[in-house]
Amino acid sequence: MNFDFSETQLMLRDSLRRYLDDAYGFEKRQAMLRSASGRDPAIWKALATELGVLGAALPEDAGGLGGGPVDTMVLMEEFGRALANEPFVPAIVIGAQALAATGGDTASALLPDVLSGKAIIAPGFYEPRGRHNPAAVETVAKAVDGGWQLSGHKAVVDAGPCASHYLVTARTAGSTFDREGISLFLIESGASGIVRRDYLTVDGYLAAELVFESVKLGKNALLGAEGAALDLVEKLIDHATVAVCAEATGAMQRLHEQTLDYARQRKQFGRPISDFQVIQHRLVDMLMEVEQARSMTLMATLRLDEPDRARWVSEAKAKINRAGRALGQAAIQTHGGIGITEELAAGHYFKRISMIESRYGDLDWHCQRLEDRLTG
Amino acid sequence: MNLDFSEQEQAFQQEVRQFIAANYPAAINARRERGDDLRKEDYLSWHKVLAARGWVAPGWPTDYGGPGWTATQRYIFSEELARADTVTILPFGIQMVGPVIYTFGTPEQKARFLPRILSGDDWWCQGYSEPGAGSDLASLRTRAVREGDHYIVNGQKTWTTLAQFADWGFFLVRTDPQAKPQEGISFLLIDMKSPGVTVKPIITLGGEHEVNEVFLDDVKVPVENRIHDENKGWTCAKFLLAHERTGIAGVARSKRGIARLKQILAAEPDGRGGVLLDNLQVRRRLVELEMDLTALEFTELRTLASAAKGKGPGPESSLLKIKGTEIQQRLTELVLEAAGRYAAPYFRAFPAGSNQYPIGPAFAHQAAPTYFNMRKTTIYGGSNEIQRNIIAKMILGI
């Protein structure tokens, strides 16, 4: 048993941390969010080229560096720590891995562009009435002469506003909750018939509502086998889930550090508030949440390729949702009023950690998935 | 001992309900539902309707313009306001400085300030906390130096709610730096238009401009604007904080919030062909919240009943504050959970009057900002840690 990172992974972590410390300095990040596009495309480019981290977890034959989920974990913790708003989970963890997994001409042609940062993939797996269930697909793709015609609505599509391509599920057979009959389509963002509504999320990411109004697609828009995409989609979502667990862990650790610093320097009643036992116990509880979050992230990362994957992923996400909430609320309470303002990073970490709770399944969704296993 | 309303009380309840239905400006709630910030005139429009009816200050003695209601009538009134989800009556004048003025003020001060608090002609704000004096309020450093018949005030206040609209502020200032911290403080009323008063916004996590910093640079304040004796400000402050805490329980508002939450849970799809309320865990969290609210309500009623016998709000109001704010926060958590991923879109960034199709269910728009914003409740009005200290000291004697 060995939980040590490799030399390469340590270098990856350090160089990314140095870069993000600068690129996501507090004032720079605030200015970015106030800008018209809500992001700085140069950062994504730098991650692809100078730092070369986009392909870290992908196999070499797919144009990656031959790493795996542990590399993704290392990167995601840094993104979480820096409060970065980059589309790494949608574009790479889901997008690039989907292309590598499905293969075929369309996918193989696009993958190098994704890893070089030229193309950005935004996955649309969730729908307004489907909540966290990727099988709840009402979007329909009809086979028409020469290809497909797609209609439906995808909800809160991460990276939607900056994407070159959408990767969406659509029903080619069956009805709303059926596991069978779901297919995966790759669609250029400029295709006619797409109505998109862009927005920032409260924690600083970009997302969009996507409405497809009889969008015409060629035959080669279909990725993988017709009607049999759900297993792959669930696998991609599980990978993404563990990635946001790592992001949460990085953010939680940083928020804990900031809260400890604050408690040490904030004086009331003539001494630092860290002298008070009620504050000390709270900071200790927060530390335990960070450590458990880190353990669960690591556990799920190492078990991502096991047959029992769903159990480990759901345990990790459910646990981290709880840990993140407890830690976030404790951090704000310890900061007092200043923690609720936009002036201090603490509040922004709180927002990020809070929003991660509902990404790729909330507490109830993951507990239900665990409970379903009990009853078979 | 009984819980029934008398016939007169039932009639009163009907009267209040009908009055609200006929007179509440509906435009205010439309703005709130859209997530628009309320304007000064939104708050004041309802205040003025109630003032005209003589109902704006339920807790005030009749001598000063209160309606002379019993504790039960006041309870019914606040229940009815919450039931109709009216905008809150701003507490700074009615609940905070008003009682301080009629308890400690001179006849001239009462005549000058109380009528304009009731009418809404003066908007008040509270200058208590400072960057270095939060939980340790008595360590405040804003200085007032006597020069003839004026004080010259210098310092900085923070977390001053809605000071951007305020005509007047009540401030705790240090008048004797040599005395023990609590014994060198005075309570001053400051005209916010005085030269040297600067109000700077603080933006909070949902993007709201609700609180401010207030800078005081050589502000000249007439001595006649001091309430109570010099260096007796802490007496006023403690009195005011105890008053503030009782209202802070927010039982009626939380009831309204739970009713709204039930509607949401019964309507929102769970992604499996049912609604959120089908989930046992969701139902469990809801009923647990309701039972905690019932416990709070009856604790508050017991407090009100003993207050009606002439005992002012004492340290038990700290208990109401702690439990009340915890319930308010849990309610926002459940709404956030119900919103799911649709809590994420940041609505404040959207162009106003957009006619594009809506994003997610309407209730979800405010779910995250409200969750963030309500973290303040366990911090303000004396943090819940401080309230526990008060209970330990005053009730348990430890």
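Analyst: Ala46(A) sits in helix H3 (residues 41-48) of chain A. Helices here are DSSP runs of H or I with at least four residues, strands are runs of E with at least two, and both are numbered from the N terminus. Leaving aside neighbours within four places in sequence, Ala46(A) is in contact with Tyr19(A) and Leu51(A). Contact means that C-beta atoms, placed from the backbone, lie within 7 Å. Cys245(A) is 199 residues from Ala46(A) in sequence and 24 Å away in space, C-alpha to C-alpha.

The model is predicted, with local features needing pLDDT of at least 70 and side-chain atom pairs counting only at pLDDT 80 or more, while totals for chains, interfaces and linings use all residues. Residues are numbered from 1 along each chain as its sequence is written, and chains are lettered from A and ligands numbered from 1 in the order in which they are written.

Now the meeting of the chains. In chain A, 37 residues are in contact with 39 residues of chain B. Elements that each supply at least two residues to chain A's side include strand S3 (147-158), helix H9 (309-335) and helix H10 (345-356). The largest share, 4 residues, comes from H10(A). By class, chain A's side has 16 nonpolar, 13 polar and 8 charged residues. Ala, Val, Leu, Ile, Met, Phe, Trp, Tyr, Cys and Pro count as nonpolar, Asp, Glu, Lys and Arg as charged, and the others, Gly among them, as polar.

H9(A) has 27 residues, which at 1.5 Å a residue should span 39 Å; its end C-alpha atoms are 38 Å apart, which agrees. The expected span is 1.5 Å times one less than the number of residues. Gly336(A) follows H9(A), with a positive phi near 75°.

In chain B, helix H4 (residues 71-83) packs against helix H8 (residues 251-267) at about 30°, with axes 8 Å apart. Therefore H4(B) is roughly parallel to H8(B), a term for angles under 35 degrees. The contact includes Leu81(B) of H4(B) and Lys255(B) of H8(B). Its residues are 3 nonpolar, 1 polar and 5 charged.

Thr70(B) lies in the loop between helix H3 (40-53) and H4 of chain B. Its 13 C-beta neighbours inside 10 Å make Thr70(B) partly exposed.

How values were computed
Contact = placed C-beta atoms within 7 Å. Axes fitted to C-alpha atoms, helices over the stretch in contact; angles between N-to-C directions. Parallel < 35°, antiparallel > 145°, perpendicular 65-115°, else oblique. Buried ≥ 20, exposed ≤ 12 C-beta atoms within 10 Å, placed from the backbone.
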